[in-house]
Amino acid sequence: MQFHLNGFQTGDPKRYEPASTLANSDQLPEEVDVLIVGSGPAGLLLAAQLSTFPEIVTRVVEKAEGALEVGRADGIACRTVEMFEAFGLAERLTTEAYWINETHFWGPAPGDKSRITRLGRVQDVRDGLSEFPHVIVNQARLLDFLLEYMHNSPSRLQVDYSHETLKVEVPEGADERVAVTLNTPKGKKTVRARYVVGCDGAHSVVRESIGRVAQGHGEDKAWGVMDVLAVTDFPDIRFKCTIQSAEAGNILLIPREGGYMVRLYVDMGNIAPDAWLTKEQVLKKAQAVLAPYTFDVKEIAWFSVYRVGHRVTDKFDDVDDDQMDNRTPRVFIAGDACHTHTAKAGQGMNVSMQDTFNLGWKLMSVLQGRSPASLLHTYNAERHVIAENLIEMDTSWSRAIGAAQGSDDPQGAMKGLAEVQRQFVTNSEFTAGFATHYAPDLLTGDDTHLGLATGFPPGRRFHSAEVIRLGDAKKVHLGHVHRADGRWRLYAFADMVDPRNPGSRFNQLMDFLASKASPIRCFTPQGADPDAIFDVHGIIQQSHLEVDWTDMHDVLKPHKGALGLQDYQKAHAPVLGTDQDIFDLRGIDRGAGALVVVRPDQYVALVLPLDAHDELAAYFDRFMLNAQ
């Protein structure tokens, strides 16, 4: 973490000085730049991103009376932890969390259907997939972290609770603001926003207001969910388990943080929509599945019953396909407002936050004048297909579980359970949150130069690896330099020529980046820090013992901030003498080197040769506005 850039500051370095003129105030203003409806994970992740920019007037409205205290989603995929690292929150998240190390599969014992037995166990996240684990954290705590981040931001952004959204009206005039009618503790109020983002759940008022329709099917099947403190002789109570009994049904068992509590997702079967289930009924069902093991519940911390189907909304913004050439989006939906599915794959909250992580930097870019409003079309284009893929995978997973529990034939049931385990292993990237792959389009390049860096395919998230900082010999993860600050990252992996040689491709790239033709010069506002828009990092092939930080190009040693201080953290060397050399791990061509361009949401935009200067400039010309 870097701080003191603009002068010495006492206290918590993660608590920023408030902006000189705070856009945020105790009273909800009549006009805002971005109005976020809903304070769930999708809404607060977006708010956290925008809170960094006090010049963008952002507000969050929530119909509930206060912050969530307990319950709801709990599974945090590896990809989500990587995303939280961009906010500096990964350590807090993983320290408090339960880590899922293995998943165990239980089914009827061969030869004795009255008993359940462990039929298999697999490592939950395969080695090398991520530097972070798959964890379990109460959704309320995850939201606490985001709320604290917002409160410590320069805008001091907070949520306006007890503000129910009644309707959203999109005017015909492109220069007019969207009108949002709210029911507040002081009566009805209309707020006009340049952009509205509906993160208001499966029954979204925002979605209905813009005429979008959730397409798909519901489920008659009900799931009882409870967090409990219990005494049991079930041996795998501290492992994630799928448990299928011969006749009583099935359970998804998730240990909770703290070492004692456990969550049960209990399949209650097909039940009429108006039927009411009690916690006693759900618990009785769970005990029957676990029999003959005992399960003595001492306290139920949280209980709910839900029915969720597979649905995807027809579009995630307010612009119809035939209007895209004439209009740009002003209203968006994210999370459960645009896609719902079962809890079996544990992706709902995770994909919802990825929605708004995708949208946040784009809104910021448009509102700050970095990009034209047409950039916002890419939100629906990128995220809608991801939601469809999620539903497809979740449906396949649900069918596999259904086949295992629906077979009366013991051998058929065993085959079904084996298929569940096979799918779990096969789809490990999906359950870890790494299935997202953006296709080539405005923001994502193709695979033309992928051979230069095979471990960084365009459209996939940037897969971090350790390096050693030249400035202080500290071992760090290269991907952890990425902050949720709307900046682009340019990672230049040096060619085989000594980086101190002015004729190396590495140094020639740095010369280009320092020139007037560079995207850095074209798109960085006058008077801003040289890395305000593009954060450039160089990775040489030599040991940090062979090359001094002072030998690096000036692009990697910028002076910035109010005091003109020098940045010592942009030049890196590989971890040598081990199997952790980033050039080997990520398939970097040692002869030619490579330039990896990474979007503000941590996804690889394109891979280029170090000397592809014109191609690099042409890429950013497609969607950025000249700042000079």
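## Where domain 1 meets domain 3

In this predicted model, 17 residues of domain 1 are in contact with 15 residues of domain 3, contact being heavy atoms within 4.5 Å. In domain 1, Ala 86, Trp 361 and Arg 370 lose the most area to domain 3, together 38% of what that side buries. Between them, domain 1 and domain 3 bury about 1,400 Å², with 48% of it on carbon and sulfur atoms; buried area is the accessible area (1.4 Å probe) that two parts lose on being put together, summed over both.

Residues are numbered from 1 along each chain as its sequence is written. Because this is a prediction, local features need pLDDT of at least 70 and side-chain atom pairs count only at pLDDT 80 or more, while totals for chains, interfaces and linings use all residues; side-chain values use heavy atoms, leaving out hydrogens and water.

## The domains themselves

The protein chain is assigned domain 1 (31-89 + 137-216 + 311-400), domain 2 (100-133 + 219-306) and domain 3 (450-622), with bounds from an automatic or database domain assignment. The centres of domain 1 and domain 3, taken over C-alpha atoms, are 32 Å apart.

Arg 599 forms a salt bridge with Glu 382, and their closest N and O atoms are 2.7 Å apart.

On the domain 1 side that touches domain 3, α2 (78-85) and α7 (348-367) each supply at least two residues. Helix α7 gives the most, with six residues. Helices here are DSSP runs (H or I, at least four residues), as are strands (E, at least two), numbered from the N terminus.

## Ties across the sequence

A search of the whole structure finds 44 salt bridges. In one of them, the side chains of Asp 33 and Arg 194 meet at 3.9 Å, N to O. Asp 33 lies in strand β1 (residues 31-37) and Arg 194 in strand β11 (residues 187-198), so this pair ties together parts that are 161 residues apart in sequence.

Aromatic pairs number 23, counting rings of Phe, Tyr and Trp (its six-membered ring) with centres within 6.5 Å; planes under 30 degrees apart are stacked, over 60 edge-to-face and the rest tilted. Phe 332 and Tyr 379 are edge-to-face because their ring centres are 5.8 Å apart and their planes are at 80 degrees.

Terms used: A salt bridge is a side-chain nitrogen of Lys or Arg within 4 Å of a carboxyl oxygen of Asp or Glu.
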